[in-house]
Amino acid sequence: IQESIDYAKTLQEAILPGRPELEAVLQDFCVIWRPRDTVGGDFYWLRRFDDGFVLVVGDCTGHGVPGALMTMAAKAILDRAVTDETHGAPAVVLAECNRLLHDTLRQEGGRHIEDGLDAGVLFVGRDRNRANFAGAGISLFVVDGDRGEEIRGDRHSLGRLSYSREIAFTPCDMELRPGMSLYMATDGIRDQVGGGNGLPFGRSRLNELLASVQGYPMDEQRNITLRTIDEY
């Protein structure tokens, strides 16, 4: 079983954007992807267009194999939802993903799987002067100099039976300036338990951590972040 799961990780990694693909659109970046159980429900997704690119960070329901299988479904849905017409409007992309997930996660007899997806969708224009963001359970962290801001996504998850098939998500349009850093993250870091009292790392510590690593190249920010989490 473990050998099968190890090979499944290779398959899951194949759907993630490779470093050359990310380098083609991102000047300085880092990625932290460490599934707890070899494979898991977190993933990231990228597509380039003539006028910019779309970057998605997603968190599917479940850990391990069930979560990993959901990422395959989520990627297929993103491939359909992000089109020439919708890519510049992340809120529209999320609404379409929600509809497609509702239609996809359906069993025989009309039963519906109570699973879903949290996602942050970011569109950055080719001129790098403006960006558009919308989130479903995932935030965008913006650090500009010594000032940090969390742009919270809507609380609705995508595809869950407990939420409507028709949901309008909140768009956020922002100006980009030189030296500004943008981050998207699932709850994987925030939910790490430790610190001597067995408490989660939490949102405020993550915000403070991101603010404290400004001035370092992104690869070094990644190393500091991982070291901080491991020590916690």
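**Stop 1: Arg-47 and Asp-79**

Select Arg-47 and Asp-79. They form a salt bridge, with the closest N and O atoms 3.4 Å apart. A salt bridge here is a side-chain nitrogen of Lys or Arg within 4 Å of a carboxyl oxygen of Asp or Glu. Arg-47 sits in strand S1 (residues 42–49) and Asp-79 in helix H3 (residues 64–81), so this pair ties together parts that are 32 residues apart in sequence. Helices (H or I, at least four residues) and strands (E, at least two) are DSSP runs, numbered from the N terminus.

A word on the model before moving on. This is a predicted model, where local features need pLDDT of at least 70 and side-chain atom pairs count only at pLDDT 80 or more, while totals for chains, interfaces and linings use all residues. Residues are numbered from 1 along each chain as its sequence is written, and side-chain values use heavy atoms, with hydrogens and water left out.

Now colour by accessibility. Arg-47 is partly exposed at 24% relative accessibility. Asp-79 is partly exposed too, at 29%. The cut-offs: buried means under 20% relative accessible area, exposed over 50%, and partly exposed in between (1.4 Å probe, protein chains only).

**Stop 2: Lys-75**

Lys-75 has a relative accessible area of 24%, which means partly exposed.

**Stop 3: Arg-203 and Glu-150**

Select Arg-203 and Glu-150. The closest N and O atoms of this salt bridge are 2.2 Å apart. The pair links distant parts of the chain, 53 residues apart: Arg-203 is in helix H5 (residues 203–212), Glu-150 in strand S6 (residues 147–151). Arg-203 is partly exposed at 27%. Glu-150 is buried at 18%.

**Stop 4: a network**

Select Arg-19, Glu-23 and Asp-219. Salt bridges link these residues in a network. How many salt bridges does a search of the whole structure find? It finds 13.

**Stop 5: Gln-12**

Finish on helix H1 (residues 2–14), where Gln-12 is placed. Is Gln-12 buried or exposed? At 1% relative accessibility, Gln-12 counts as buried. Show its contacts (heavy atoms within 4.5 Å). Leaving out residues up to four places away in sequence, Gln-12 touches Trp-33, Val-39, Gly-40, Asp-42, Ala-68, Thr-71 and Met-72.
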